[in-house]
Amino acid sequence: MSKCTNNKRSIPHERSVENIHKYFKPLNDLSNQIIPTQLPSSSSESSSSCKPSSSSSKPSSSSSKSSSSSKSSSSEPSSSSEIQQIYANDAPANNTSEFSQSVHNTSLLVDKISHLSMNNEKIALCNSFKHISIAGADSIISDEPVVVVQSNVDIQSFDTSVSDRSNGISLVVHGTSENNELNQRDILSTHLLQIEFYLKSCQNLIKESTRLDIPHKAFVEKTQAFVIELKKILDPLDATCREQIENINVQFSNVDFISAKSTDKISRDPAYWSANGKFTEEELRYLVHKGPMQPVLKDYPKNVTLAAQNATCKFASKWFNEYPMLEYSQTTDKVYCFACRLFYKGPGSEKVDLAWIKIGVQSWAKMKGRGKDRKGKLDQHFTSSSHLASMYRLSVFKNKYANVECLMDANNRLANQKEESILRINTKIIETFFDCTLFLAKQGLAFRRDPQEHGNFIQLIHLLRRYDPLLNSWFNEEKSKSHHISYTSARSQDEFIEHIGNYVIGSIVQQVQNAPFYSVMIDSTPDCSHREIYSLVIRYVDNDLNVHERVICLKELPSKTGQSICDFILHILHNYHISTDCLIGQCYDNAPNMSGCRRGVQNCMKIALKRDIIHIPCGGHTANLAVKHACECSTEYIRFFDLIEEIYVFFTSSINRYHTLRTQINSSTSALTVKNLSITRWSANYESINAICRSIPEITNTFKIIINNIDDKIVNNTDNKLTLDDKKTKQQECDDQVLSNGVDIDSELSRYHHQRLRSIKNDSNYKTGVRLDRVEYYKKLMIEILDYIVISLTDYHKVVEEKLQYFSTILPGRINYLTLANANKITEIVPSISSAEILFSELQLLKNDIDSVTELPEFINKFKLIANGYPNAKRVYQFILALPITVATNERSFSKLKLIKSRLRSNLMPDKAEWLIIASTERDLLENIDLSKFAQEWSRLKNRRVKIVSNL
């Protein structure tokens, strides 16, 4: 296709488009025979979806030959069903004739694709395509309407219609621009060059069709993948051709008769100025293309006064040759400077003379000089510094927009089109690399390993190369170049990760900067490399009353003092340019260095910012500590959890015992394996208890099996030095430790939990003391634990209610207690409230909506629809929603930290670990991103060998 270039331009653009569409129409039909336009979504639709799409084979209205070929192609029987059958069943042995026919049909289809570019249609394509890269000088710069004469059905060339201008009337097609036409041709040529690139893979398929060592299923899969990628280009090319043909038909149907003298879009009279006194980009291009207005008349108007003085009294046309930038206006009988009139603004034009720009010069007697020391007005102006500066700006403008030689050169235009095609291919390759990076980062998977070729990133690229011919061809071509660049090295992978991590952090920072209020939450945990990692989470509310909690930072801090952590938070906020004026709340765990009222972080933040920052203790840590301490108030519960831990250690410390337990559990449908107790989270204790409760029969049977095995070993061990009495003693101890199904629980309770009578010194009526049975005994222990939990949570709620006492009256169920005094207090706390009276009136108007629900989230969902009508109330609820509750988001980021920075990846760099953890935690920000922007920004970071963005 690249050889189909010529310097002639005899065929119009519309015929080029029609020929391109007619040429690639059979290729598209063949691709539809190999693979349907819409792939089946289920097995039930496979039979119907294997047929060629009728919509893609509709004939074009501009080509009868294309129409006939389309009809014939649609009527031919398709062999795609046979190919699909071989693909699904991999050549069944019981039908060898059908398999042979399928192989033959597939080879014929591939052979048609390869020979399609060698048939007689190629002549018509070359006659059309050779004009895509060529354009005349007049069509590049001028936006002048195209003048044509319609003869029968054909449309003649531009030169034929020019001769008809003497008649005073011409046919003009409105809205057709040669420059726009060239842009459309460039779009088509870019698609054609991509097709040419893909046809290289077709040649490889033709060679593989004759190889017997390649299975037919693998050959069909490769052919299908090739056709899928080819259709991605053919379908847009077909749609583009159809659209351009329709636009051309519409444009040529809009023909009017106008005067030949009025073909100029813009008045070239130098005395003409627009209303705003400025020229647009299009006007400048048009005027520069036309050049100075230099009308040559037989006689110019005379100045009677100067004629009476025998001085030069009129303009002389010979001055045009001496001063090429000189213009003459017939309307005002004055001269102007073309360069200064268009480009007088800029450096070097401080002493510009407006007479040569807007006013005009008419001193004919002083135009030419008299002697060496007395220069005329023409010499004075055209040698001035202001004129030279305008000439420089004119030359720059011409080089930028009017480089006719470059645009007329067919080789340069073809090279530009090839370069654009290469840039698009490179952009797609880099987008693929970024897509692989996003997949691994969101899933929290490792990128590299030793050796490097076995890493997940490179293996994922190799997997895509099997199904993407473009990616595979790009790698094969890069290997043949002198500078082999694949961008799969460790440094390139780190660049991709850094770019994605910075994008996520930048998106979060931008959202926080636009939020009216935000709060901070911070927590720490040691990683596998023995570093104390602090996770900073920001909670904020957007303008639509949606609450967000985002991890913005995971960095190491060797100190645990409250002041150090406070400085760390303020340093991060300052680096990300987040204003502390919008910081309203803080939430930490109950450690003294965090929540301490003197040296804790919450007090250091207040001192550093010199104002009150609402501190709310973490609700999750408070509830966890309440349950943990409640279970330690009784020795019974301590022994109970110790027993659970001993059971876990007993089974997991021996491979044989754990295998026996696992065998019993696998035979059951509801049993669970034993679990250990967690040190940090009490909820894990519930899982341990639940596993024991659901697996009691299996655990008991396991104990019996282990005891029987011990007895067998004691009897069969001839080297055992124990006497018979010792064996009986050991057996008795085992019987005492194991509880059988027939044990009396009440007697065991009285045995191990014998209640002593109170001393007569403490209780004179000690005999009347109540003796609790088993149920009442454990009920008493449970009540003690519940009392401790209730007291702890009640104290926590009192602390929170005290901090938010003024906001409680605007919550559902309490709006009736709202007073103007409460509104005044809320106005003092929440910034930017216009007045307490307006806030009180808005809340009164919302009273019915607030009373209609029982929870705050229900009201917020209703309030979102009308929030803009209540600006003060909206700001108050944004303030409430931005206050933190718990540091659970920090704990979730620590879970990601344990998964990403594991024992096998302990040497992960801190910044890289932070980017990967944030990308995995905030993966919703990476769902709908523009990979092309990623690729362009990545290419601008430094000068790269593989270009993806044009330097123009």
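**Figure 1. Polar contact between Q493 and T488.** A polar atom of the Q493 side chain lies 2.9 Å from the backbone oxygen of T488; a polar contact is a pair of N or O atoms within 3.5 Å, where within protein one must be able to donate a hydrogen and the other to accept it, and residues adjacent in sequence count only if both atoms are side-chain atoms. The model is predicted: local features need pLDDT of at least 70 and side-chain atom pairs count only at pLDDT 80 or more, whereas totals for chains, interfaces and linings use all residues. Residues are numbered from 1 along each chain as its sequence is written, and side-chain values use heavy atoms, with hydrogens and water left out.

Figure 2. Q493 belongs to helix α21 (residues 490-514); helices are DSSP runs of H or I with at least four residues, numbered from the N terminus. Because its relative accessibility is 0%, Q493 counts as buried, a term for under 20% relative accessible area (1.4 Å probe, protein chains only). Residues up to four places away in sequence aside, Q493 touches F447, R448, Q452, F457, I458 and T488, where contact means heavy atoms within 4.5 Å. Between Q493 and R448 there are 9.0 Å from C-alpha to C-alpha, although they are 45 residues apart in sequence.

**Figure 3. The largest nonpolar core and F433.** The largest nonpolar core has 93 residues; such a core is a set of buried Ala, Val, Leu, Ile, Met, Phe, Trp, Tyr and Cys residues joined through side-chain atoms within 4.5 Å. Helix α18 (residues 410-443) gives the most to this core, with nine residues. F433, F457, Y518, I522 and I569 have the most contacts inside the core. Among the residues that F433 touches, beyond four places in sequence, are F457, I461, W474 and F475. In soluble globular proteins, nonpolar side chains tend to be buried together.

**Figure 4. T702 in helix α29.** T702 is placed in helix α29 (residues 696-716). With 0% relative accessibility, T702 counts as buried. The T702 side chain reaches the backbone oxygen of E698 at 2.7 Å. Apart from neighbours within four places in sequence, T702 is in contact with F651, R657, T660, L661 and Q664.

**Figure 5. Packing of helices α34 and α37.** Helix α34 (residues 836-845) packs with helix α37 (residues 871-882) at an angle of about 85 degrees, their axes 8 Å apart. The two helices are therefore roughly perpendicular, a term for angles of 65 to 115 degrees. I838, L839, E842 and L843 in α34 meet P871, N872, A873, V876 and Y877 in α37.

How values were computed
Buried < 20%, exposed > 50% of the residue type's maximum accessible area, 1.4 Å probe, protein only. Axes fitted to C-alpha atoms, helices over the stretch in contact; angles between N-to-C directions. Parallel < 35°, antiparallel > 145°, perpendicular 65-115°, else oblique.
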